[in-house]
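Please look over the chain below before reading the numbered points. They go through the fold, the confidence, the surface and the contacts.

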Amino acid sequence: MYATRALRMMPTRRMMRPLPKEDQSAHTVSQRLRKLKNIPAELIPLGVVVGFAVFAAGYSSFRKFTVDKNLRLSRQNRKDVPGEHGEHGESHESH
C-alpha cells in the first residue's frame, strides 16, 4: 500500500491553482440583499424561529431588569458599612 500525495504532504494540482477571487469583496448593501434570494427555502422557518427566540430573550431580559424591584442592579448602602470593603489589614488585625 502506497502513501497518497496528500499523506506525503506534497502539493496537489488543486492546491497549486491560484485562489478564486472572493465573491463577497467590496459588495454594496443592495448587492448583499440580492444574495438573500440564494438562501434555501428550508432555512427560512429556522431563521424565523431563531429570530423569534432572540427577540423573546431580549424582551424578557429587558422586562426583568425594569420591572423586578428585588433585583439589585447597582451597589447600595456603601456609606453604612465603611470598613467592609476596605484594605485587608484593617479587618484582620486581631488575627
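1. Read along the sequence, the protein chain of this predicted model runs α-α-α-α. That makes four helices and zero strands. Helices here are DSSP runs of H or I with at least four residues, strands are runs of E with at least two, and both are numbered from the N terminus.

2. Two notes on reading the numbers: residues are counted from 1 along each chain as its sequence is written, and side-chain values use heavy atoms, with hydrogens and water left out. As the model is predicted, local features need pLDDT of at least 70 and side-chain atom pairs count only at pLDDT 80 or more, while totals for chains, interfaces and linings use all residues.

3. The mean pLDDT of the protein chain is 76, and 60% of the residues score at least 70. This score is the predictor's confidence in each residue, on a scale from 0 to 100.

4. How much of the protein chain counts as buried? Of its 95 residues, 0% do. Buried means under 20% relative accessible area, exposed means over 50%, and partly exposed lies in between (1.4 Å probe, protein chains only). The accessible surface of the protein chain is about 10100 Å², and carbon and sulfur atoms hold 61% of that. These areas come from the Shrake-Rupley method with a 1.4 Å probe; for residues, only the protein chains shown count as cover.

5. A nonpolar surface patch of about 950 Å² includes V29, L33, L36, I39 and V54 among its residues. Elements giving two or more residues to the patch are α2 (29–34) and α3 (43–67). The most come from α3, which gives six. Patches take residues with over 30% relative accessible area and no salt bridge; nonpolar side chains (Val, Leu, Ile, Met, Phe, Trp, Tyr) are joined within 5 Å, like charges within 9 Å.

6. V50 is one of the residues of that patch, and V50 lies in helix α3. Its relative accessibility is 45%, so V50 counts as partly exposed.

7. Which side chains meet in a salt bridge? Those of D68 and K64 do, at 3.0 Å from N to O. The term requires a side-chain nitrogen of Lys or Arg within 4 Å of a carboxyl oxygen of Asp or Glu, and the count is one. Both partners are partly exposed: D68 has a relative accessible area of 24% and K64 one of 45%.
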